[in-house]
Structures are given as structure tokens and as C-alpha cells.
Amino acid sequence: MEDQSLTRLTVLGGGVLGSQIAWHSAFKGKQVKLYDLYEEGLNSCRAAHERYEDIYRKELGASDGEIAATRERLDFTTDLAAAVAEADIVIEAVPEVPEVKKQTYSEMAPLLPSYTLLATNSSTVLPSDFALDTGRPEKYGALHFANLLWSMNSGEIMGHVGTSEHTLTAVTRFAIE
């Protein structure tokens with residue numbers, strides 16, 4: 001799929017950056033599913049999104065209509081299979097613990113559609129450390145967004161030796177969008 005449009009995003013992990021990536025992507029028009037292991041994590045994410053509403057109104061001049069549309073594009077779940085079933089891209093934002101990341105990728109791999117691209121939001125580990133765990137190393141790399149995504153507006157993209165050029169191009173396009 002050379003012209004693959006990455007419009008359906010799944011974010012794994014509703015922590016600080018996961019919640020920001022999910023909200024900002026929905027604000028920019030993406031359909032977003034946010035997955036967390038625990039309902040408490042999803043509730044924390046929802047509370048963060050309420051704070052982002054005010055921030056986006058004040059700092060970005062977002063209208064009530066834009067905020068409502070953003071909320072409509074967000075879906076929250078503790079069901080991993082449902083979260084990734086139609087994802088064009090999955091951004092993993094789970095804790096920076098190698099065993100947790102490996103387990104997450106191993107559990108998710110058989111659930112993914114063949115076209116789904118994967119990216120870690122990690123800032124402390126290399127994508128090569130987990131490429132084989134994903135079951136699709138050619139469709140995997142890193143896409144790290146800075147904290148305060150709406151104002152810092154930066155993303156770092158890193159492949160590993162097996163990342164395809166198509167994946168790097170598509171993930172770069174996604175980050176720009």
C-alpha cells in the first residue's frame with residue numbers, strides 16, 4: 001500500500017504522552033482508539049483530555065465545534081483486540097520497561113491487520129530492541145513526540161536496520177499531519 005493513508009490510530013497507553021498523542025491526533029482529524037490495560041488508566045486519560053480542552057481553547061484558539069469533533073473521534077477501551085482491529089497505525093506509549101514493551105508487542109502481533117504500521121513513542125530505548133517482537137519488523141520504528149505536543153510540535157522518527165522505506169515515509173507523513 002504505497003499510498004496508505006494513516007487515518008485510524010490506536011494509542012497503547014493512556015499516560016502523559018499517550019493521552020497527548022491521542023488528543024492531538026483526534027484534534028487533527030484522526031480517528032483514535034486509546035487502549036490501556038486498566039479502566040483507571042483510561043479514566044486518568046479522560047481527565048487529562050478535559051484539561052486539554054481548556055489548553056487548546058486558550059493556546060490554539062480551538063472552537064467549541066473543534067473540541068466537540070475531537071471528542072467524537074476518540075474511543076477508549078481495555079480490549080486490545082478491539083483497539084487494534086482496524087488500526088492503520090499503532091503508537092505504543094507503554095512504560096519504558098523492556099519486558100512490558102516485549103509482552104505488549106507479543107500479545108498484539110497476532111491481532112493486527114497485515115497493513116498496520118507500528119511505532120514506539122519511546123525516548124529511552126531503540127526500536128531495534130523490539131523489532132522482532134512486533135512480528136513485522138519492516139513495518140516498525142520509533143515516532144517520539146515531545147511532551148506538550150500542542151506547543152512543542154516536534155516528533156523524532158527513527159527506524160532500525162529492517163524498517164522499510166515505505167514505513168519511514170508513511171510515519172513521517174503521519175507526524176507532519
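## Salt bridges in the predicted model

Glu53, Arg57, Asp64 and Arg71 are joined through a network of salt bridges. The model is a predicted one, and the count of salt bridges in it comes to ten. Side chains of opposite charge can pair when their charged atoms come close.

Arg8 and Asp88 meet through their side chains in a salt bridge, with an N to O distance of 2.8 Å. This pair links distant parts of the chain, since Arg8 lies in strand β1 (residues 8-12) and Asp88 in the loop between α4 (80-84) and β4, 80 residues apart. Arg8 is partly exposed, at a relative accessible area of 32%, whereas Asp88, at 5% relative accessibility, counts as buried because buried means under 20%.

A salt bridge also joins the side chains of Arg46 and Glu39, at 3.2 Å from N to O. Arg46 counts as partly exposed at 28% relative accessibility, and Glu39 is likewise partly exposed, with a relative accessible area of 37%.

## Glu92 and its surroundings

Glu92 belongs to strand β4 (residues 89-92), and its side chain forms a salt bridge with that of Lys101 at 2.4 Å, N to O. Both partners are buried: Lys101 has a relative accessibility of 0%, and Glu92 has a relative accessible area of 1%.

The side chain of Glu92 also reaches the backbone nitrogen of Val94, at 3.1 Å. When residues up to four places away in sequence are not counted, Glu92 touches Leu12, Lys101, Tyr105, Ala119, Thr120 and Asn121, so the salt-bridge partner Lys101 is one of the residues in contact with this buried side chain.

Notes: Residues numbered from 1 in each chain as written. Predicted model: local features only at pLDDT ≥ 70, side-chain atom pairs only at ≥ 80, totals over all residues. Heavy atoms only, no water. Helix = DSSP H or I, 4+ residues; strand = E, 2+ residues; numbered from the N terminus. Buried < 20%, exposed > 50% of the residue type's maximum accessible area, 1.4 Å probe, protein only. Polar contact = N/O pair within 3.5 Å; in protein donor to acceptor, adjacent residues only side chain to side chain. Contact = heavy atoms within 4.5 Å. Salt bridge = Lys/Arg side-chain N within 4 Å of Asp/Glu carboxyl O.
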